[in-house]
Amino acid sequence: MQNSDGTLLDLDGFHHLVKQANLNISDEEINKLYKAYLPLEKQVRLLHQMDLGDLSTSTAFLANKTKNDTK
Amino acid sequence: MYKHEEELCFLSIKEASALIRDKDLSPVELTKAFLNRIESYDQYLHSYVTVLKESAIKSATAAEKDISQGNYKSPLHGIPIAAKDLYSTEGIKTTAHSRVMADNTPTFDSTVIQRLNSAGAVMLGKLAMSEFALGRGDEKELFPSARNPWNLEHLPGSSSSGSGSATSAGLCMASLGSDTGGSIRGPASFCNITGIKPSLGLVSNHGVVPLAWTLDTCGPMARSAEDAGMMLQAIAGKDESDPSTNNAPSDNYDVEHMNDLKGLTIGVPRDFFFENQQDLEPKVSASVNQGIKTLENLGAQIREVHIPSLKYTVANTVIMLSEAYAFHEENLRARPQDYGPVRRQFLLGGLLRSSDYVQAQRARKAISLELSKVMDEVDILITPSFPFTAPRFDDRDQARYGAGFRFLAPFNLSGLPAMSVPCGFDENGLPIGMQIVGNFWEERKVLSIGHIYQQNTNWHRKRPSLDFPDLK
């Protein structure tokens, strides 16, 4: 979601991103969306800075524990 | 025995159930009391989007006949309840509070509705919500936004807004909500009721309009932990139509009646939930600390715990927006005009990259593993449900409101059961919630600890006055 040099996207870059994503929205809406996008981008950047080692995603998001696992 | 309508509508399920079973209370009389109350108050609260007057009376009449003939189905037989308008209901509009689904009339019942019907519950109607279970409600949505019965100028929480409002105001005995990032527990906290998000995979999502497939969790909202347990008993368990329930146990969710909490250890993650939290209102902090003290006085040991990965709770937002975009992509392009302001949030999901989504799922695993280790050392965690009480409708600081969900979302990521119980009021008379988190599949422990807390406090018994100025 950010520039390759790690800086946050400016409005022009954001317009380009939205066009690439083919969201089919007006320029005026893009400007409004940009305001909502910036705080999310900052948080997502932090997420990418997490040191997760070789942790996989696997299917941990599913309820893969049985009742006995928590005994 | 119970002549006064309000007293009928504020019976607990436990009380009403015993009276109905013993033929001391007519389900028809009870249902009519709720329908009258809805007619009187819902013009202010907007908690219902569909009231099923005729079918509710028909269903209550059938319940009364069954019970009189000795065919008592379950403790929910004849109990009037309502459902968030994302549960598919056969022949009854299910809109998810959106113009996109304004004409959707399902030809089948969702599994949870089927189970409640089998238990003999009486469906009063469908409840308002935030459009597609995201955002905070807006006047541009299909129906008016539900209001908080404690103060109409304040949010009832989101996204199960109507469920929180109606249950709190005595317009149903209990309700169904759904929780993807806090949507049961937030409204429960703001409306002074008890709402439990069960373990991920305990309750079927079949026939429920999705927000985010890997996070969505259905659950009950009630006026006590005991009543929430009775609702959960009816809806929990494996469902062949939803493979995510494959490991769901067959369990008993009746609360245990404990005399004390000796031998139990309560973990309190102070660094994430109490310390240096700029938006944590002092009265919220004080009320939850008082709640912890109450549990300590009942014999529980309190231990401070640290869960550093909680700072990556934004993973919940990334997963939720990405999955929501996947569900809505076609309609966002084809009929953008039918969406309210929630559309902008869905569009953000379209700007996230696959690497963002994968990193969020990895962060989710890290949070889950860390929480799992902590839960091996303690029985439950206690936290505030939300950093602050219900904001005003005209407070448009969406960023502040959204950030409040960081107290709830970690338990969507991890899938652990979490429940909000009332624990106090702020200076303006707005409710405060305390969150009780348990280990996987340990809903009964969570409910039972909530129950003993409620046996020793009165917060959950407080009712909103509904003293609206122009009420006739």
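In which sense do strand β2 (residues 80-84) of chain B and strand β4 (residues 174-179) of chain B pair? They pair in the parallel sense, over three bridges; helices (H or I, at least four residues) and strands (E, at least two) are DSSP runs numbered from the N terminus, and two strands pair if DSSP finds at least two bridges between them. This is a predicted model, in which local features need pLDDT of at least 70 and side-chain atom pairs count only at pLDDT 80 or more, while totals for chains, interfaces and linings use all residues. Residues are numbered from 1 along each chain as its sequence is written, and chains are lettered from A and ligands numbered from 1 in the order in which they are written.

In β4(B), B:Leu176 is the residue opposite B:Ala83. Chain B has an open sheet of eleven strands with mixed pairing, in the order β1-β3-β2-β4-β6-β5-β10-β11-β9-β7-β8. Its edge strands, β1 (48-51) and β8 (301-304) of chain B, each pair on one side only.

Helices α3 (residues 27-45) and α4 (residues 53-68) of chain B pack with axes 8 Å apart, at an angle of about 160 degrees. Axes are lines fitted to C-alpha atoms, for helices over the stretch in contact, and angles run from 0 to 180 degrees between N-to-C directions. The angle makes α3(B) roughly antiparallel to α4(B), a term for angles over 145 degrees.

Between the chains, 31 residues of chain A are in contact with 37 residues of chain B, contact meaning C-beta atoms, placed from the backbone, within 7 Å. On the chain A side, α2(A) gives the most, with ten residues.

Technical notes: Contact = placed C-beta atoms within 7 Å. Parallel < 35°, antiparallel > 145°, perpendicular 65-115°, else oblique.
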